[in-house]
Amino acid sequence: MRNGNDHINFLKGGVNRLIRICLLVPFFFDLGAESRPFVFPKDHSFHSGYGVEWCYFVGILRSSDGKRYGYELSFFKGIFGKETEVFPVHFAISDLETKKHTTAQTVERALGGMAGYDKNGIFSGDFRFEIKGKSSFHIVAKPKNVSGFSLDLTLNTDPSEILLHGERGKSFKSRNNPNYYSYYYSIPRLSTKGELNVGGKKISVTEGDSWMDHEWSSPFDSEIKTKLSDRTNSWDWICILFEDGSELTVFNFRESQRSVSESFGTYRSKNGNVIRFEKEKEISFLHDSKFWKSERTGKRYPLYWNLRTHPSSKEAEFDLKIEPFFEDQEFDSRPTTGFSYWEGAVKIFGTRAGKTVRGTGYLELKGNRD
């Protein structure tokens, strides 16, 4: 941590408990509000009237010498007490050739100008997210506590690529309790260029696609208070970019370890046709019996998955297999959040409407069963 023992002691108290909730149940808080219109680029930044929010980027990039790298850069906002905002950031790069996963993290407060947000973007310590337009961004990660490790990327696409989930951006997480929902949109296919630095080696990024996810919930003026345990909820999430130009995102939500997963998703074809999976039994997103155990944290993660959809439209009928580029892509965020999770680059094989499809994506496993 950048600010020494005082900063670490601060984290070990109430903030640590808060951030566990922010990261493990961020979009499962009741919003207590009706549908709202989205306004871009304004809504790309954080929202002062909400207690829990995150905006993150993942992607698979190609260097000038043809090598591939996966990355994650996640900006979070939470509230400690009634007034103090805290801003964790998680940053990772996966070298998909050498199978090496490098991470950095921080958590800052606005005190002393160490973190904050406005219409132009978000910053926390050595990490910045700059909003350049409705669908244009500049992201920078230059952690001083990890030598020779950084990211500086420019991301662009057409504003028409912004994808609202659920009902016009109101994304429900449970059919059993409709009070659980958030505001949620993605930008799945951002053209990405710039520079990485891994192990002191500068890497020119000449092409690649990034996926942006942004979600916020828990307004301060909500009259409905949903009590959730930061240790009982869990989810599995995946975003997929298919080689044919289409995109798919799916997540499972479990309120407790004994709960049956509730699954939701969104598919968009290359032509822009959007099909949303909101009904029960439209998605089967299940892992096989093989687990990978982290030597670092002792946690076991299911990294091999089968994803099947049963929509009314055959266009979005998938039968997919998912496997990691390599297994050790765990993010040990215990120094800032008290928890660890798995988030990494994955390969996709299978069929859509009976025809062969392939793709790549990012899989996220948080709050898993052990």
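**Notebook: rings in the chain**

I looked up Y56 and found it buried, with a relative accessible area of 3% (buried means under 20% relative accessible area, with a 1.4 Å probe and protein chains only). W237 is buried as well, at 1%.

I noted that this is a predicted model, where local features need pLDDT of at least 70, side-chain atom pairs count only at pLDDT 80 or more, and totals for chains, interfaces and linings use all residues. Residues are numbered from 1 along each chain as its sequence is written, and side-chain values use heavy atoms, with hydrogens and water left out.

Next I searched the whole structure and got 25 aromatic pairs (rings of Phe, Tyr and Trp, the last by its six-membered ring, with centres within 6.5 Å; planes under 30 degrees apart are stacked, over 60 edge-to-face, the rest tilted).

How are the rings of Y56 and W237 arranged? Their centres are 5.7 Å apart and their planes stand at 80 degrees, so I wrote down edge-to-face. Y56 is in strand β1 (residues 50–63) and W237 in strand β14 (residues 234–242), so this pair ties together parts 181 residues apart in sequence (strands are DSSP runs of E, at least two residues, numbered from the N terminus).

I then checked F331 and Y341, a stacked pair with 5.5 Å between centres and 0 degrees between planes. Both F331 and Y341 are buried.

Last, I found the charged end of K366 over the ring of Y341, 4.6 Å from its centre (NZ of Lys or CZ of Arg must be within 6 Å of the ring centre and within 35 degrees of the ring normal).

Definitions and conventions
Helices (H or I, at least four residues) and strands (E, at least two) are DSSP runs, numbered from the N terminus. Buried means under 20% relative accessible area, exposed over 50%, partly exposed in between (1.4 Å probe, protein chains only).
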